[in-house]
Amino acid sequence: MTTTRARRGRPPGRPPSQPDGPDQRERLIGIALELYARNGYAETTLAAIARAAGMTPAAVHYYFRTREQLFATIFDERITPMRARVDAIFSEHADDPVAAFTRLAERFVQVAVEEPWMGPVLISELLREDDLFKQHLRARTDPQRLSALLSAIRRWQDEGRINPDLDPALLMTTISALTFLPMAGLRKWADDPLRRHIDAQAIARHAVALLEHGLAPPAPRVPVAASKA
């Protein structure tokens, strides 16, 4: 029996009725993310993933023994790289918080394009009563990461670099709402005559305009001749 498995190129333990190939693992991750966005993390069991994939539970267990292991894989391979890209923005604009947060809004829109599951998951998990998803995030997040950002925001406020009336604890949530929320609504707006013109570029432009200038109209430009006088 062992010799037969070796000839077929299938390691021991893999259910023989399921398709092999390097894409199967990525396919299961993609299905899990779709179910996260549709039903929430708490309702996305390995059995539910198996049904959606048309596989047996045993085949899914070959790739991911538990739901927690699957989440750990998603965190390491999908969420961690996105966080690194966010952290890079604040490193590049350490002395210009307005530029940092406007670039962050643009980056969030880009992430929503590349990872369309992210917006629906963030929004739905924010509103859900259970907090399993957030518990797993907190368990894998350095608590000093958020504390350092909040301290930096307060320092920028003290230095007069950003509006002192902003609540540091709300700023990241506000930028997420400006970007991920409308990105999640794009498909539903396709048939809306008032919003069907909106695309990712329009959402990014709108978010940046609000962050840079707020609701006040732009200051009038001073004519060149008058400025020289």
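## Helix H3 and its cover

In helix H3, which covers residues 46-53, the buried residues are Leu46, Ala48, Ile49, Ala50 and Ala53. The cover over these buried residues of H3 includes H2, helix H4 (57-63) and H5. Just after H3 comes Gly54, which takes a positive phi of about 70 degrees. These descriptions, like those that follow, refer to a predicted model.

Is Leu28 buried or exposed? Its relative accessibility is 1%, and therefore Leu28 counts as buried. Leaving aside neighbours within four places in sequence, Leu28 is in contact with Ile49, Ala53, Met55, Val60, Tyr63 and Phe64.

## The protein as a whole

The protein has 12 helices and zero strands, so that, read from the N terminus on, its elements run α-α-α-α-α-α-α-α-α-α-α-α. Of the 229 residues in the protein, 35% are buried. The accessible surface comes to about 14,200 Å², and carbon and sulfur atoms account for 55% of that surface.

Contacts can also be sorted by separation along the chain: among those between residues at least 6 apart in sequence, 65% join residues at least 24 apart.

What span should the 18 residues of H6 have? At 1.5 Å a residue they should span 26 Å, and because the end C-alpha atoms of H6 are 25 Å apart, the model agrees with that expectation. Within H6 the buried residues are Pro97, Ala99, Ala100, Phe101, Thr102, Leu104, Ala105, Phe108, Val109, Val111 and Ala112. The elements that cover them include helix H5 (67-92), helix H7 (118-127), H9, H10 and helix H11 (200-213).

Two packed helices are described by the angle between their axes and the distance between the axes. For helix H6 (residues 97-114) and helix H10 (residues 168-184), the angle is about 35 degrees and the axes are 9 Å apart, and the crossing is right-handed. On the H6 side the contact involves Phe101, Leu104, Ala105, Phe108, Val109, Val111, Ala112 and Val113, which meet Leu171, Met172, Ile175, Ser176, Thr179, Phe180 and Met183 in H10. By class, the residues of this contact divide into 13 nonpolar, two polar and no charged.

## Where H5 crosses H8

The axes of H5 and helix H8 (residues 132-139) come within 11 Å and cross at roughly 65 degrees, and this crossing is right-handed. From H5, the residues Arg67, Glu68, Phe71, Phe75, Ile79 and Arg83 make the contact, and from H8 they are joined by Leu132, Phe133, His136 and Leu137. Which classes of residue does the contact of H5 with H8 have? There are six nonpolar, one polar and three charged residues.

## Gln157 in helix H9

Gln157 is found in helix H9, which runs over residues 143-158. Its relative accessibility is 13%, and the cut-off for a buried residue is under 20%, so Gln157 counts as buried. Apart from its neighbours within four places in sequence, Gln157 is in contact with Ile162, Asn163, Pro164, Asp165, Leu166 and Pro168. One of these partners, Pro168, belongs to H10, which spans residues 168-184.

Key:
Residues are numbered from 1 along each chain as its sequence is written. This is a predicted model: local features need pLDDT of at least 70, side-chain atom pairs count only at pLDDT 80 or more; totals for chains, interfaces and linings use all residues. Side-chain values use heavy atoms; hydrogens and water are left out. Helices (H or I, at least four residues) and strands (E, at least two) are DSSP runs, numbered from the N terminus. Buried means under 20% relative accessible area, exposed over 50%, partly exposed in between (1.4 Å probe, protein chains only). Contact means heavy atoms within 4.5 Å. Accessible areas come from the Shrake-Rupley method with a 1.4 Å probe; for residues, only the protein chains shown count as cover. Axes are lines fitted to C-alpha atoms, for helices over the stretch in contact, and angles run from 0 to 180 degrees between N-to-C directions. A crossing is left-handed if the near helix is turned anticlockwise from the far one by less than a right angle, and right-handed if clockwise. Ala, Val, Leu, Ile, Met, Phe, Trp, Tyr, Cys and Pro count as nonpolar, Asp, Glu, Lys and Arg as charged, and the others, Gly among them, as polar. The expected span of a helix is 1.5 Å times one less than its number of residues.
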